[in-house]
Amino acid sequence: MARGFLALAGVLAIGLWAMIWFDQPRFAAQLGPSATTPLAAATLRADIGGFFAAWAIGALLAAWRAEGRYVLMPMLLLGLAFLGRLYSFALTGDAAILSPMAIEAILFVAMLLARRALGNPA
């Protein structure tokens with residue numbers, strides 16, 4: 001079950017990476033960030049695309065190898081994303097930030113449970 005969850009999380013992250021790389025208008029419509037210049041488009045592909053690509057690699061590698069240590073990468077990314085949103089929420093109080101925070105927290109806990117289920121070979 002842990003491997004299946006991690007594989008699904010990895011595939012979904014690949015979908016987000018692909019949307020950022022190949023369909024930025026759709027990404028902007030669904031999640032907000034839009035690229036108004038070529039530099040902005042390149043930054044979205046590099047930074048946000050890199051985030052989801054690294055998440056996908058970690059989750060898929062953990063699922064494929066059945067080793068919990070690989071889950072640390074997507075967990076770190078989710079934890080840092082959560083902290084960034086928490087800081088933004090503290091600055092603005094905008095309730096729209098709470099929904100993605102909840103998703104990140106749930107994914108983090110689910111990945112933690114998957115990591116424990118897979119074990120951590122030395």
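Reader: How many residues does helix 4 have, and how far does it reach from its first C-alpha to its last?
Author: Helix 4 has 21 residues and reaches 30 Å from its first C-alpha to its last, close to the 30 Å expected at 1.5 Å a residue. The expected span is 1.5 Å times one less than the number of residues in the helix. Helices here are DSSP runs of H or I with at least four residues, numbered from the N terminus.

Reader: What kind of model is this, and how are its residues numbered?
Author: This is a predicted model, in which local features need pLDDT of at least 70, side-chain atom pairs count only at pLDDT 80 or more, and totals for chains, interfaces and linings use all residues. Residues are numbered from 1 along each chain as its sequence is written, and side-chain values use heavy atoms, with hydrogens and water left out.

Reader: Which residues of helix 4 are buried?
Author: The buried residues of helix 4 are P74, M75, L77, L78 and A81. Because they cover an arc of only 160 degrees around the axis, they are on the same side of helix 4. Buried means under 20% relative accessible area, exposed means over 50%, and partly exposed lies in between, with a 1.4 Å probe and protein chains only. The arc is that of the directions from the helix axis to the C-beta atoms.

Reader: And which exposed residues are on the face turned away from that buried side?
Author: That face of helix 4 carries L76, L80, L83, Y87, A90 and L91.

Reader: Why would residues a few places apart point the same way?
Author: An α-helix has 3.6 residues a turn, so residues three or four places apart point the same way.

Reader: What about helix 5, which of its residues are buried?
Author: In helix 5, M101, E104, M111, A114, R115 and L118 are buried. They span an arc of only 150 degrees around the axis, which places them on the same side of helix 5. On the face turned away from that buried side, I106, L113, R116 and A117 are exposed.

Reader: Is I106 buried or exposed, by its relative accessibility?
Author: I106 counts as exposed, at 59% relative accessibility. I106 and L78 are 28 residues apart in sequence and 9.9 Å apart in space, C-alpha to C-alpha.

Reader: Moving on, at what angle do helix 1 and helix 3 pack?
Author: Helix 1 (residues 2-22) and helix 3 (residues 38-65) pack at an angle of about 160 degrees, and their axes are 8 Å apart. Helix 1 is therefore roughly antiparallel to helix 3. By class, their contact has 21 nonpolar, two polar and two charged residues. Axes are lines fitted to C-alpha atoms, for helices over the stretch in contact, and angles run from 0 to 180 degrees between N-to-C directions. Angles under 35 degrees count as roughly parallel, over 145 as roughly antiparallel, 65 to 115 as roughly perpendicular and the rest as oblique. Ala, Val, Leu, Ile, Met, Phe, Trp, Tyr, Cys and Pro count as nonpolar, Asp, Glu, Lys and Arg as charged, and the others, Gly among them, as polar.

Reader: How do helix 1 and helix 5 pack, then: what is the angle?
Author: Helix 1 and helix 5 pack at about 135 degrees, with their axes 9 Å apart. These two helices are therefore oblique to each other.

Reader: Changing topic, where does A66 lie?
Author: A66 lies in the loop between helix 3 and helix 4 (72-92). A66 has a positive phi of about 55 degrees although it is not a glycine. A66 is partly exposed, with a relative accessible area of 28%.

Reader: Last one: which residues of helix 2 are buried?
Author: Q24, F27 and A28 are buried in helix 2 (residues 24-31). Seen down the axis, these residues fall within an arc of 100 degrees, so they line one face of helix 2. P25 and A29 are exposed on the other side of helix 2.
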